[in-house]
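The sequence and structure are shown first.

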Amino acid sequence: MISEQSAIHSGNLIGGARREAASGRTFESRNPARHGEVVGVFAQSSAADVDAAVAAAQRALGGWRATPWPRRGEIILAAATLMEKRKEDLARLMTREMGKVLTEARGDVQEAIDMGKFIAGEGRRAFGETVPSELRNKWAMTMRQPLGVIGCVTPWNFPIAIPSWKIFPAVMAGNTVVFKPAEDTPLCALRFVEILEEAGLPAGVVNVVFGNEEAGEAVVRHAGTMAIFFTGSADTGRLIAATCGSMLKKVSLELGGKNGIVVMDDADLELAVEGALWGAFGTAGQRCTASSRLIVSRKVLADFTDALVGRTRALRLGDGVDEGVDVGPVINETQLRRIHRYTEIGVEEGARLLAGGTVAQNGELAQGFFYNPTVFGDVTPSMRIAQEEIFGPTTAIIPVDSLDEALAAANSTQFGLSLSIYTNDLRHAFRAIHELEAGIVYVNAPTIGAEIQLPFGGTKNTGNGHREAGGHVLDEFSEWKSIYIDYSGRLQRAQIDTDEQ
Ligand code: NAD
C-alpha cells in the first residue's frame with residue numbers, strides 16, 4: 001500500500017486535460033488534524049473555467065449518450081472494481097484531507113463501491129414500457145433519455161460517497177457532468193474522477209472544476225447545465241433553488257437535518273446508549289443524518305443520561321489514522337468556532353452542559369480542529385440547540401413523558417431527514433414508522449447508516465422532494481420520452497376517432 005504524504009498540485013480536469021484556472025489562482029487543501037500540513041494545491045476556478053468545462057461536457061455528450069447502456073455500465077463497474085482495489089489508499093487520503101477516522105473513511109469509500117456496482121446493473125435493466133394504444137395498429141412505448149450536461153455540487157463530509165451518488169447514476173443515464181467538489185476535499189474528488197478515467201470513461205464525460213462558491217455559482221447559473229444536483233446546507237440550497245427556479249432548470253437539493261432518536265422506557269437501554277453515541281459523534285457529528293437530538297422518556301432519563309455522559313467522556317480524540325481514535329477533528333476553523341458558539345447558545349438558553357463544550361487543545365490536538373464531544377441535558381424542543389443544525393459533535397437530551405410527546409418533539413423542526421425510535425413495543429414502533437416526518441426512519445438503530453439500495457433524502461426543508469440512490473434513482477437523472485408508432489397507413493386521431501371501422 002502506498003499512502004500519499006506529499007502535497008500534490010492539480011489543475012481542473014476539463015475534456016481529459018489538466019488545466020490551471022484561467023485566473024492562475026490556486027487554493028490549498030489542508031489536513032484538519034494537523035493544520036500545518038498541506039495536502040494539495042488546486043485551481044481556484046471562476047466562471048471562465050466553468051465555461052470551458054461546460055463546453056467540454058457538451059462536446060462529449062453526443063458520443064456518450066450514443067454509447068450503449070450496457071457498455072456505460074461496464075465502465076462504471078470497472079471504476080467500482082478499481083476503487084475496491086484501492087480502498088485502503090483512498091480511505092487514508094480521505095482521513096488525511098477530511099479528518100474522519102479511518103474505519104469511517106473506509107465506509108465512505110465502500111458506499112461509493114456499492115453505488116457503482118448497484119448502478120452498473122442498470123446498464124442492462126434501464127427498462128422502458130410498452131403501453132397499449134387506444135387505436136388499432138398503433139404502438140406506444142416509453143424510453144429514458146439523458147438530461148444533457150448536468151452540474152454536481154457537493155459538500156466535504158462524504159467526499160467520495162456523495163459524488164458517487166450523483167456521478168455514477170448521471171453517467172449511467174448518458175449525461176455528461178461538470179463537477180464542483182467542496183473546497184475542503186478536492187483531493188478526494190480528484191482521485192475519484194481519475195479512477196473513472198482509468199476505467200475507460202471518455203474524455204469530457206466528467207469534468208472537474210475546483211474552487212469555492214464562486215465556481216459553484218457559475219455551474220448553477222450556466223445556461224449550458226440542464227440540471228443541478230446539489231448536496232449542502234439549507235442556506236446555499238435556497239440560493240441555488242432561486243437561481244434554478246428563475247431559469248426553469250431542474251434542481252435536486254439534499255440539505256440539512258436535525259435528526260432525533262426517541263428512546264422509550266421499554267427500550268433496550270444499553271443498545272440505545274450505544275446507538276446514540278455512534279449517531280451523535282460518528283464523523284464528529286458532521287453527518288447530515290447525525291443524531292443531534294435524543295428524545296428520552298423521563299422514566300429512563302437518569303440511567304440513559306449517566307450512561308451516555310460516561311461513554312462520551314471516555315471517547316478518544318485524535319488524528320483519525322491512529323488506532324484507537326474514536327473521534328477525529330472537525331473540518332476547519334470556521335466550523336470549530338460555529339460549534340463552540342452553539343455551546344454558548346445552549347448555556348445561554350438554560351440547557352445543562354453535561355459533557356464537553358470546549359475546544360480540545362491538549363498536546364497534539366492543538367495542531368488541529370478538535371472539539372470535545374458535547375452533551376446537553378434539560379433541553380426543550382424549541383431551544384435553538386434543538387432546532388438548528390450544528391454539524392458538529394454536540395447532542396441535546398430532550399426529556400418527554402409519553403410517546404405522543406416524543407413524536408411531537410421529534411417532528412418539531414424544519415428538517416425531515418432521519419428519525420429513529422428505540423422500543424421493544426411493536427405498537428410504539430409502528431406508530432413511529434407512520435408518524436415520524438422524515439425521509440428515513442430507523443427502529444432500534446440510530447439515525448445514521450443508510451444503504452444505497454434504498455432511497456435517500458428528506459421531507460420538509462431537507463430538500464425539494466427528490467431522492468438519491470434506491471431503485472428509482474434513474475428517474476432523477478433521466479427524462480421519459482413517449483413514442484407512438486402508427487402503422488395503420490392512415491390518419492388516426494386520438495380521442496376523436498372511434499374503433500368502429
Ligand atoms: P455548503 O452549502 O456550504 O457547501 C456545499 C457546496 O456548495 C460546496 O461545494 C460549496 O463550495 C458550494 N457552494 C457554496 N455556496 C454556493 C453557491 N452560492 N452556489 C453554488 N454552490 C455553492 O455546505 P457544506 O458546509 O459543504 O456541507 C454541510 C451541509 O451539507 C450540512 O448542512 C449538511 O446537512 C449538508 N449535507 C446534506 C446531505 C443530504 O444528503 N441531505 C448530505 C451531506 C451533507
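## Position of the ligand

The ligand lies between domain 1 (8–130 + 152–222) and domain 2 (259–443), because both give residues to the shell around it; the domain bounds come from an automatic or database domain assignment. This is a predicted model, in which local features need pLDDT of at least 70 and side-chain atom pairs count only at pLDDT 80 or more, while totals for chains, interfaces and linings use all residues. Residues are numbered from 1 along each chain as its sequence is written, and side-chain values use heavy atoms, with hydrogens and water left out.

## The shell

Around the ligand there are 29 residues (a heavy atom within 4 Å), and Lys-180, Glu-183, Thr-236, Leu-255 and Glu-389 come nearest. The shell comprises 14 nonpolar, nine polar and six charged residues, with Gly counted as polar and Asp, Glu, Lys and Arg as charged. At least two shell residues each come from α7 (213–221), β11 (227–231) and α8 (234–247); these are DSSP runs, with at least four residues for helices (H or I) and at least two for strands (E).

## Polar contacts and cover

Polar contacts are pairs of N or O atoms within 3.5 Å. Oxygen atoms of the ligand lie 2.7 Å from a polar side-chain atom of Lys-180, 2.8 Å from one of Thr-236 and 3.3 Å from a polar backbone atom of Gly-232. The protein covers 89% of the 850 Å² of accessible area that the ligand has on its own (Shrake-Rupley method, 1.4 Å probe).

Key
Polar contact = N/O pair within 3.5 Å; in protein donor to acceptor, adjacent residues only side chain to side chain.
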